[in-house]
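Good morning, and thank you for making time for this item.

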Amino acid sequence: MDTAYKTTLELDKVLNRAVQLCACQETKEMMQALEPAPTIEDERYDLTQTNAINALLIKNGSPRFGSVREVRRIVAHARKGGILSMGELLEIAATLRNFSGLSQWYGLSEHEMLPTDDLFFALAPQPVLEKQISESIISPEEMADTASVTLHDLRRKIRQTEDSIRTKLDNIIRNSTTNKFLQDAVVSLRNGRYVVPVRAEYRGEVGGVIHDVSSTGATVFVEPTAVVEANARIMQLRAQEQEEITRILTSFSTQVGSLEPQFTYSYDAMLKIDLLLAKARLAVEQNAFMPAVSDTVHFKLNKARHPLIDKKKVVPVDIELGSEYDTLVITGPNTGGKTVSLKTAGLLNAMAQYGFLIPAHESSIVCHFDEYLVDIGDEQSIEQSLSTFSGHMKRISGILDLAGHATLTLLDELGAGTDPAEGAALAVSILEQLRRQGSLLMATTHYAELKVYALETPGVVNASCEFNVETLMPTYKLSVGVPGKSNAFLISAKLGIPQEIIDAARNHMSNDDKRLDSVLSQLDDLKVQLKDAQAEAEQARYEAEHALESAEKKRDDLIKKGEEELENARRQAHDLMQQVQNEAYSLTDELRRIQKDEKTSAAQRAVRAREIARRDTETLLKKTDAKPQPVKEFVPLKEVQIGQEVVIADLGQTATVTARPDRNGMVEVRAGIMKTKVPLTNLRAPDKMEKRKPAPRRSTRVQLDKSRKTSMELNLLGYTVDEALNEVDKFLDSGMLRGQSTLYIIHGNGTGALRTAIQKHLRTHKAVKSFRLGRYGEGESGVTVVELK
């Protein structure tokens with residue numbers, strides 16, 4: 001493949017920016033030597049790898065990753081038995097730290113299988129060796145005392161010996177007898193031994209070994225006899241220290257050498273991940289996405305942006321080629337964005353082929369090209385010379401030799417630099433030949449002949465870069481299907497050229513040119529009208545969609561409101577029925593008590609009974625007029641545990657969970673003495689301040705549990721003892737047949753005779769396990785609760 005396009009399309013600048021984002025020097029070299037994917041499948045795979053790392057980068061942030069260098073050489077040296085230096089071991093530790101950091105970063109978030117999994121699985125962290133090297137070696141020149149027990153002990157002895165030497169030398173320096181023989185009252189180091197500076201004329205006055213003489217000869221450096229033995233001891237200890245350091249380095253080097261060949265696999269994977277991280281960071285900078293790769297020779301770039309133009313200033317363009325047409329002729333004024341559109345199309349396709357995500361909408365499609373044939377000159381040049389034209393023709397000659405199927409040809413200012421008539425004719429001929437050879441074509445031009453050619457030739461389409469003649473500023477928008485005007489006369493007039501000169505210029509135009517200019521002006525007007533119509537249609541569509549959404553929302557709200565009101569009505573009816581039943585029991589009980597009152601006459605008893613009936617009837621009728629209470633919104637529980645206290649939302653009833661949800665989402669709960677199953681979505685957490693309100697207590701009223709089923713109750717109010725006992729036997733037999741374990745016998749309070757007779761009968765009944773009076777909420781002393789065997 002001809003690589004000249006890398007510079008012309010500025011792909012080299014994209015690669016250079018990616019090089020800066022690499023961490024390791026070897027990765028930078030790999031990025032600089034990057035080659036385009038050889039096949040469509042390879043291009044797709046490279047893009048999916050970059051996209052996978054980009055997704056991880058956005059989710060997990062940047063991994064812990066540092067620069068390392070020459071690690072292959074270091075490991076190869078260790079494998080051959082060489083002893084690594086402290087600096088080399090620190091590079092190994094940094095590399096192992098990279099392995100660990102990348103592995104941890106990969107596992108920070110849950111994800112499906114990725115095309116980069118094999119790279120991360122190839123990483124083999126060695127946390128123990130990494131920690132040992134990092135803790136033992138402080139810098140490339142210093143090993144820590146804690147590297148080994150022996151090293152720590154040797155250095156402790158060296159420090160103790162040095163302290164004793166300094167003490168002795170300080171005594172010599174401060175001694176008034178010997179002080180006068182010294183050049184300076186200081187201690188220095190010569191050949192690894194501690195010495196004092198003695199004046200040359202007194203060299204015999206201070207006993208010891210002379211190790212050095214000053215450049216002037218006025219001072220000799222003497223190792224006093226008192227410290228000769230200690231200095232020799234230090235030299236011996238330092239030799240042992242160096243032997244221990246060498247032993248530690250040898251041990252580490254052996255461990256590093258034993259990591260092969262897994263270390264090399266991990267290192268190669270690390271460099272590839274570093275390369276992909278650089279591509280992903282560049283994608284984040286450019287707000288880039290992964291395009292699809294076409295199986296055929298066509299591409300479609302939606303909202304494409306040139307990556308080297310400021311994101312805040314660049315104008316997105318839509319460019320498509322190879323589907324309905326294979327040639328795009330772009331016209332328009334200078335500085336209008338023609339060349340940028342040309343470069344954007346070529347650069348984005350080439351970036352994808354190098355495995356880079358592209359700054360375009362994710363619905364974009366790129367094409368895998370065998371060649372990028374580019375002739376982009378400087379259309380802003382003031383003077384077009386013969387040599388420039390010759391250079392263009394030489395380049396186009398080379399393009400004609402390489403053009404064919406699966407090639408993209410980009411020609412800027414085709415035919416410029418020579419006689420306009422000859423240049424236009426030559427440009428048309430070149431386009432025709434390139435089309436015959438099967439290349440996809442994009443060309444920019446000012447020639448009217450090329451605009452006409454595009455209008456008349458199937459497979460060739462005009463496109464124009466818009467220009468605002470009022471502000472003399474380009475809009476950089478690309479309109480496909482409409483040729484553009486150069487607007488030379490309008491621009492000249494705006495810039496101050498006298499009108500008479502412009503009018504004279506118009507007269508010099510041929511009739512054909514005038515007609516074409518008129519047609520293009522009409523097309524511009526139509527284009528404006530079409531844009532306005534499209535804007536109106538888009539606005540109407542937007543309003544229609546929102547109107548539909550609003551109507552659907554209102555419908556859903558009405559349905560929800562109706563369901564809530566229906567549920568409220570059902571709840572109110574249930575509550576009212578229960579209240580009526582309770583009031584009826586209470587009323588019957590009170591009427592019987594009045595009837596048994598012997599002190600009251602029959603007439604008085606009848607009047608009293610009518611008053612009670614009228615009063616309670618009015619009370620019940622008033623309750624039927626009550627408005628339904630709206631269901632309070634609540635947050636349903638997502639999960640429950642056995643023994644957890646919950647509230648049945650639609651009943652407002654507190655209950656305890658007795659079993660976890662089944663596969664249908666039904667939860668078994670106990671409310672009082674009743675067990676039932678309710679949907680998990682109908683359970684909420686109890687309010688912090690929620691308290692149960694006690695029911696009003698009256699001696700003649702039996703308060704029933706709302707959650708109790710009718711089949712569990714026997715109402716004996718108004719029965720004689722004999723009638724009641726007969727009904728009790730039938731009720732117990734029925735309960736046994738239904739498999740019920742708990743039954744409720746309602747006998748009221750009254751004189752207590754009925755309660756006493758029933759409980760006496762229950763003591764001898766074979767089906768009864770136990771019985772008790774009702775608790776609060778169960779009817780209290782007006783109810784007997786029976787447990788069956």
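**A walk through the model**

Let me begin with Ser-253, which touches Ala-78, Gly-82, Ile-83, Leu-84 and Leu-89, leaving aside residues up to four places away in sequence. Please bear in mind throughout that this is a predicted model. Ser-253 belongs to helix α11, which covers residues 225–257. Is Ser-253 buried or exposed? With a relative accessible area of 2%, Ser-253 is buried.

Now to the chain as a whole. There are 789 residues, of which 42% count as buried. The secondary structure amounts to 22 helices and 25 strands. Taking the contacts in the chain with a separation of 6 or more, 68% are between residues 24 or more positions apart.

As general background, nonpolar side chains in soluble globular proteins tend to be buried together. In this model the largest nonpolar core has 56 residues, and those with the most contacts inside it are Leu-11, Met-31, Phe-299, Leu-328, Phe-356 and Met-442. Which helix gives the most to this core? That is helix α13, residues 338–353, with seven residues.

The next element is helix α15, residues 420–436. This helix has 17 residues, and from its first C-alpha to its last it reaches 24 Å, close to the 24 Å expected at 1.5 Å a residue. Which residues of α15 are buried? They are Gly-423, Ala-424, Ala-427, Val-428, Ile-430, Leu-431 and Leu-434. Viewed down the axis of α15, these buried residues fall within an arc of 160°, so they line one face of the helix. Just after α15 comes Gly-438, which takes a positive phi of about 90°.

From that helix I move to a strand. Strand β25 spans residues 783–788, and five of its six residues are buried, so β25 is largely enclosed by the rest of the structure. Which strands does β25 pair with? One is β23, residues 742–746, which pairs with β25 in the antiparallel sense over five bridges. In that pairing, Thr-742 stands opposite Glu-787 of β25. Another is β24, residues 768–773, whose pairing with β25 is antiparallel and runs over five bridges. Here Leu-773 has Thr-784 in β25 as its bridge partner.

Finally, the charged side chains. How many salt bridges does a search of the whole structure find? It finds 23. One of them joins Asp-295 and Arg-44, with the closest N and O atoms 2.5 Å apart. Asp-295 lies in the loop between β7 (292–293) and β8 (299–304), while Arg-44 lies in helix α4 (residues 40–60), so this pair ties together parts that are 251 residues apart in sequence. Asp-295 counts as exposed, at 58% relative accessibility, whereas Arg-44 is partly exposed, with a relative accessible area of 29%.

Two further pairs may be set beside that one. Arg-73 forms a salt bridge with Glu-70, the closest N and O atoms being 3.3 Å apart. Arg-73 is partly exposed at a relative accessible area of 41%, and Glu-70 counts as partly exposed at 46%. In helix α9, residues 149–174, Lys-157 and Asp-153 are four residues apart and are therefore separated by about one helical turn. Their side chains meet in a salt bridge of 3.4 Å, N to O. Lys-157 is partly exposed, with a relative accessible area of 31%, and Asp-153 counts as partly exposed at 26% relative accessibility.

Beyond these pairs there is a network of salt bridges, which links Asp-145, Arg-155, Arg-159, Glu-162, Arg-238 and Glu-241. With that I conclude, and I thank you for your attention.

Notes. Residues numbered from 1 in each chain as written. Predicted model: local features only at pLDDT ≥ 70, side-chain atom pairs only at ≥ 80, totals over all residues. Heavy atoms only, no water. Core = buried A, V, L, I, M, F, W, Y, C linked by side-chain atoms within 4.5 Å. Buried < 20%, exposed > 50% of the residue type's maximum accessible area, 1.4 Å probe, protein only. Helix = DSSP H or I, 4+ residues; strand = E, 2+ residues; numbered from the N terminus. Expected span 1.5 Å × (residues − 1). Arc of directions from axis to C-beta. Pairing = 2+ DSSP bridges. Salt bridge = Lys/Arg side-chain N within 4 Å of Asp/Glu carboxyl O. Contact = heavy atoms within 4.5 Å.
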